[in-house]
Amino acid sequence: MKKLFKKYNKLYFNNCLLLVDIFIEQDDSTYGYFDSNEMCIYLSPEYPREIIEATLLHEMVHLWQLDFDSTVNWVTGKNFHGKYFKQFENFIYLKDGIKI
Ligand SMILES: [Zn+2]
């Protein structure tokens, strides 16, 4: 996963993301999530590879938001999927057809 993180970091984020820990952990309620306190990404293993990779990318956008999206409220989760997230979503989809 770290290898993939590095690849995505280069492809979509100009290498501006700091490499964080990535944990694979069983969680039936979600594909994965980004923990902004512990600065790590959790991914659930029970899904097809394609979904896990798209989820990693999704969580990486949240990581990007930590430094570059001041509209996000990290306590309430407001704008987690706001306009800057959507811009990334569109950019990645148009570039490589990946739905994050
Ligand atoms: Zn999200």
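## Contacts along the chain

In this predicted model, contacts between residues 24 or more positions apart make up 36% of the contacts in the protein chain that have a separation of 6 or more.

## Overall dimensions

Taken along the principal axes, the C-alpha atoms of the protein chain fill a box of roughly 30 × 30 × 20 Å. The radius of gyration of the protein chain is 13 Å, which agrees with the value near 13 Å that a compact globule of 100 residues would have. Of the 100 residues of the protein chain, 22% count as buried.

## Secondary structure

The protein chain contains three helices and three strands, and from the N terminus on these elements follow one another in the order α-β-β-β-α-α.

## The nonpolar core

The largest nonpolar core is made up of 15 residues, and within that core the residues with the most contacts are Ile41, Leu56, Leu57, Met60 and Val61. Two or more residues of this core are given by each of the elements α1 (2-13), β3 (40-43), α2 (49-68) and α3 (83-96), with α2 providing the largest share, namely five residues.

Leu56, one of the core residues with the most contacts, lies within the range of α2 (49-68). When residues up to four places away in sequence are not counted, Leu56 touches Met1, Leu4, Phe5, Tyr8, Ile41 and Leu43. Among these partners, Leu4, Phe5 and Tyr8 fall in the range of α1 (2-13), while Ile41 and Leu43 fall in that of β3 (40-43). Ile41 is itself listed with Leu56 among the residues that have the most contacts inside the core.

Notes
Residues numbered from 1 in each chain as written. Predicted model: local features only at pLDDT ≥ 70, side-chain atom pairs only at ≥ 80, totals over all residues. Core = buried A, V, L, I, M, F, W, Y, C linked by C-beta atoms within 7 Å. Buried ≥ 20, exposed ≤ 12 C-beta atoms within 10 Å, placed from the backbone. Helix = DSSP H or I, 4+ residues; strand = E, 2+ residues; numbered from the N terminus. Contact = placed C-beta atoms within 7 Å. Rg over C-alpha atoms; globule rule 2.2 N^0.38 Å.
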